[in-house]
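Biologist: I am new to this structure. Please walk me through how to read it, feature by feature.

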Amino acid sequence: MTFEHLSFTQEDTGKGSLILVNCFHPLQKHPEGSQLLNINSLQVEILSPHKGIFENPLTCLEHPINEIYLQKQAATMLLSLIKRSGAGGKITAVSGYRSKAEQTAIWTETLEREGEAFTETYVAHPGCSEHETGLAIDLAGTAPSIDYIRPCLPRQGSLASFCSLAAQFGFIIRYPEGKEEITHIGHEPWHFRYVGFPHSVIMTQQGLVLEEYVEMLENETSPLKPLLFTQSGAHIDIMHISMNNHKKVELDFSDALPYTLSGTNCGGVILTRFRR
């Protein structure tokens, strides 16, 4: 019999694809440059740089509009999703990773231009933006003119297919309608967040935003009581491990399985073990 010994530290709570970043949980650490990829440089025939006009152009952008960065796994899965859905050439990346300085400048400029109510609804506070994780991207349907702050992503044809397949590739619509009081961000059908499979499928099927999903796992799962996900022959155990008041937690399992680990940014980690 094969045993597996795993250990987790406080550092693990602030990194991974499931970290919750909002006005109550600021990002602990920005991704390093080596962790990011310019998605427009990977497959220009699939996701081409925008050639038209961006409405409400911001003067504070650190990178040119055609340089859209995401963490490597998120970038790879996004391009796979675009290929599978047939949305190549019909979808445009508007905004990906932002440094804290860039988020601060966007907040300030939008506040001056659009006012407090608009900015509070559609722009996250600096240090509390999902774009700073490198796991979020704003997308638009390809058009001559695109609004940088509120891009339009029609749900028709291959773009509808893109949205319906997103969860299978690890993406969720992060700010759905009706959840504004939980996310503290307005409805943004253009804003996609990579959380990884199978979490994206569970959240989509159950209508949960990331705040609700992390809370559910924290309250209802543990290494002794994992959440079992099954789909098309896949059997996956998902469990929350609290790191509160612990510098290090060690666990022993009676079997060695492939797994992923992500912090929650809320004092815990989520272990996902793939049985089949």
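**Reading helix 2 and beyond**

Modeller: Keep in mind that this is a predicted model. Let us start with a helix. The face of helix 2 turned away from its buried side carries K83 and R84, both exposed.

Biologist: Which residues of helix 2 are buried?

Modeller: They are A74, A75, L78, L79, L81, I82 and S85. These residues cover an arc of only 155° around the axis, which puts them on the same side of helix 2.

Biologist: Why do residues three or four places apart point the same way?

Modeller: An α-helix has 3.6 residues a turn, so residues at that spacing point the same way. Here, A75, L78, L79 and I82 are among the buried residues of helix 2.

Biologist: How many residues does helix 2 have, and what is its reach?

Modeller: Helix 2 runs over residues 72–85, which makes 14 residues. From first C-alpha to last, helix 2 reaches 20 Å. That is close to the 20 Å expected at 1.5 Å a residue.

Biologist: What follows helix 2?

Modeller: G86 does, and its phi is positive, near 75°.

Biologist: In which sense do strand 1 and strand 12 pair, parallel or antiparallel?

Modeller: Antiparallel, over 6 bridges. Strand 12 is residues 248–253.

Biologist: Next, the backbone. Is the peptide bond from F197 to P198 cis or trans?

Modeller: Read omega. For this bond omega is near 10°, and the bond is cis. P198 lies in the loop between strand 9 (188–194) and helix 7 (199–206).

Biologist: What about phi of H184?

Modeller: Phi of H184 is near 65°, positive in a residue other than glycine. H184 sits in the loop between helix 6 (180–183) and strand 9. H184 is partly exposed, with a relative accessible area of 40%.

Biologist: And where is N245?

Modeller: N245 is in the loop between strand 11 (234–242) and strand 12. Phi of N245 is also positive, near 65°, and N245 is not a glycine. N245 counts as exposed because its relative accessibility is 81%, and the cut-off for exposed is over 50%.

Biologist: How do you find empty space?

Modeller: Rolling a probe the size of a water molecule over the atoms shows where empty space is left. In this model the count comes to 2 cavities of 30 Å³ or more. The largest cavity has a volume of about 160 Å³.

Biologist: Which residues lie nearest the centre of the largest cavity?

Modeller: R98, Y122, V123, H131 and E188, out of 17 lining residues. Helix 3 (100–114) and strand 9 are the elements that give two or more residues to this lining. Strand 9 gives the most, with 3 residues. By class, the lining of the largest cavity has 9 nonpolar, 4 polar and 4 charged residues.

Biologist: Which residues are closest to the centre of the second largest pocket?

Modeller: I172, I173, P176, M203 and T204, from a lining of 15 residues. The second largest pocket has a volume of about 250 Å³. Helix 5 (157–165), strand 8 and helix 7 each supply at least two lining residues. Strand 8 gives the most, with 3. By class, this lining has 11 nonpolar, 3 polar and 1 charged residues.

Biologist: Is I173 buried, partly exposed or exposed?

Modeller: I173 counts as partly exposed, at 32% relative accessibility. I173 lies in strand 8, residues 171–175. I173 and E130 are 43 residues apart in sequence. In space they are 12 Å apart, C-alpha to C-alpha.

Notes. Residues are numbered from 1 along each chain as its sequence is written. This is a predicted model: local features need pLDDT of at least 70, side-chain atom pairs count only at pLDDT 80 or more; totals for chains, interfaces and linings use all residues. Side-chain values use heavy atoms; hydrogens and water are left out. Helices (H or I, at least four residues) and strands (E, at least two) are DSSP runs, numbered from the N terminus. The expected span of a helix is 1.5 Å times one less than its number of residues. Buried means under 20% relative accessible area, exposed over 50%, partly exposed in between (1.4 Å probe, protein chains only). The arc is that of the directions from the helix axis to the C-beta atoms. Two strands pair if DSSP finds at least two bridges between them. On a 1 Å grid over the protein atoms alone, a cavity is a set of points where a 1.4 Å probe fits but cannot get out, and a pocket is an open set with protein on both sides within 12 Å along at least five of seven lines; lining residues have an atom within 4 Å of a point. Grid points are joined across faces, edges and corners, and a volume is the space filled by probe spheres set on the points. Ala, Val, Leu, Ile, Met, Phe, Trp, Tyr, Cys and Pro count as nonpolar, Asp, Glu, Lys and Arg as charged, and the others, Gly among them, as polar.
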